[in-house]
Amino acid sequence: MKCVVRKMLMTIATVAFIFCIGVLADTSTAEAASTFKIRINKQQNCVTIYKLDDKGKYKPYKAMVCSVGNATPIGTFSLKEKIRWHTLDGPVYGQYCTRITGHILFHSVWYYVNGNPATLSNAQYNRLGTVASHGCVRLCVRDARWIYTYCPSGTPVEIYNSKDPGPLGKPDAIKLPEGTGWDPTDDTNPNNPYNKKKPSIKLIKGKKDILYNSKFKLLKTIKVKNTTGFDASDKVTYTIKYKAPGKKYKKVKKINTKKTGLYRVKFKLTDEIGRKASLTVKYKVHRKIMMTSVTLNKSTAYLYLGGSESQTTCRIKLKKCTPSDASIKTLAFSSSDTSVAKVASNGKVTAVAPGTAVIRAAATDGSGIVKECVVHVRKYATGLSITSDKSVINIGETARLTCTLLPAGATGKETLTYTYASSDTRVATVDAQGNVTGAGQGTAVITITAHNATSGGEALTSQVTITVNGPQTDASTSALTVQ
């Protein structure tokens, strides 16, 4: 009887012990599950992890870029079982799988071969950050492994939509070159070739010597690559310190190419998967070199009012200078007569009225060099008017023709010429200067043609009629004697 009682007591104690262990285990799991909270922004393909602080409040802890699918459900769930490698639709396979609800899992981007991390889908990995799955939440291996490791069953998960990716923003997803089969974040695998790779910042040869007053862009002097070999210039930060001759370094905001001396720049890079690189470069802004001679692109120019914009404007600029590596090659422009031609700060000359103006181009480097361009402004004609000081002349007498281009002030081109022709040289002749001389009694039409007077190049013509009287005699009828 005593043995029976003893056995019953032992059985009760064992059950109680197991019950207590179970309660403690459930409490431990609940506490672990409540340490983190996961929110998935379906619209932005972004996961934000929240961690419980000492005050009992969830604070943003880390963010992950992901790929969801149209079938990803909206709602609140809790994490369930873990599966190290799992078959996905395809069939393809995922690492570090954690069930959210039903067939919806957190998992890595899929692989072609189960258990082989060298068979990653390159194309699908490069879609991280966009809608790409059948409903599961795809992550890089690092992030899928973190949830697998640190977020136990029972961890709350909320899936929602918002334009705001989350309090920590949406991380950038690293891209893979074609042909690779590894996730670069899978750094616990000793066979991953990306374990031996890192980002880099390299100075381009010859870029640390800076000419005085030159155009200078700091990030154009370096080549920046991330772990997978893509350009990462947009992720570089830097600090600059300047040292004048005989002085100590002091922090400045930029490299001033008008300030000679040394500039020490420290570049830093953290790429998309958190790997880092740095580089320190000493740039030198060299002394100022002044010009000793200047040649303009033109010394004479003709502009024409009434034509196209290209005919009413021209550009005066520096053609060459000595020495060719002069520090400052800019010119300051001015016009001797702005009522004839005006000039802008970039050397663009615009015709205003017929006449002549001198455009001065002065070096701005303090050398005192000044060059000039003579600008002749002319005006195209649309018509021609002819007048004569006499419309009736005698034989041997001369009339003078005057040609006037229309509208008023028109000059035509600098090559403007006139030609004259008589309809009857037996009545009147005309020379190259427009002088008409009577040759015989009658009427002659003088035609005048203006060449190079219009914008289109067509000739302008006009005519004037000249009457020539017959020979004059002093004899009267009373003086005639009939023999």
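These are my notebook entries on a few spots I looked up in this structure.

**Entry 1: what I am looking at**
I am working with a predicted model. I started with a sheet, moved to the rings, and ended with one asparagine.

**Entry 2: the sheet**
In what order do the strands of the open sheet lie? I found 5 strands in the order β3-β2-β1-β9-β4, and their pairing is mixed. β3 (58–65) and β4 (75–78) are at the edges with a single partner strand each, so one side of each has no neighbour in the sheet. From one strand to the next, the twist averages 20°.

I then looked at one pairing inside this sheet. β1 and β9 (residues 156–160) run in the parallel sense and pair over 4 bridges. Across that pairing, I found Ile40 opposite Ile159 in β9.

**Entry 3: a helix across the strands**
Which helix lies across β1, β2 and β3? I traced α3 (residues 141–150) there, and this helix runs at about 140° to β3.

**Entry 4: aromatic rings**
I counted 11 aromatic pairs. Phe36 and Trp146 make an edge-to-face pair, with 5.1 Å centre to centre and 80° between the planes. This pair links distant parts of the chain, since Phe36 belongs to strand β1 and Trp146 to helix α3, 110 residues apart. Are these two residues buried or exposed? I see that both Phe36 and Trp146 are buried.

Next I checked Tyr304 and Tyr380. Their planes are at 20°, with ring centres 4.9 Å apart; planes under 30 degrees apart count as stacked, so this pair is stacked.

Going back to Phe36 and Trp146, I found them in one aromatic cluster together with Tyr61 and Tyr150.

**Entry 5: charges over rings**
Which ring does the charged end of Arg39 sit over? I found the ring of Tyr160, with its centre 4.0 Å from that charged end. Arg264 lies over the face of Tyr249, and here I noted 4.3 Å from the ring centre.

**Entry 6: Asn45**
Where is Asn45? I found this residue in the loop between β1 (36–41) and β2 (46–52). Why does Asn45 count as buried? Its relative accessibility is 3%, and buried means under 20%, so Asn45 qualifies. Apart from neighbours within four places in sequence, the contacts I listed for Asn45 include Met64, Cys66, Gly129, Val131 and Lys170.

Note on methods. Residues are numbered from 1 along each chain as its sequence is written. This is a predicted model: local features need pLDDT of at least 70, side-chain atom pairs count only at pLDDT 80 or more; totals for chains, interfaces and linings use all residues. Side-chain values use heavy atoms; hydrogens and water are left out. Helices (H or I, at least four residues) and strands (E, at least two) are DSSP runs, numbered from the N terminus. Buried means under 20% relative accessible area, exposed over 50%, partly exposed in between (1.4 Å probe, protein chains only). Contact means heavy atoms within 4.5 Å. Two strands pair if DSSP finds at least two bridges between them. Axes are lines fitted to C-alpha atoms, for helices over the stretch in contact, and angles run from 0 to 180 degrees between N-to-C directions. Rings of Phe, Tyr and Trp (its six-membered ring) pair if their centres lie within 6.5 Å; planes under 30 degrees apart count as stacked, over 60 as edge-to-face and the rest as tilted. A charge sits over a ring if NZ of Lys or CZ of Arg is within 6 Å of the ring centre and within 35 degrees of the ring normal.
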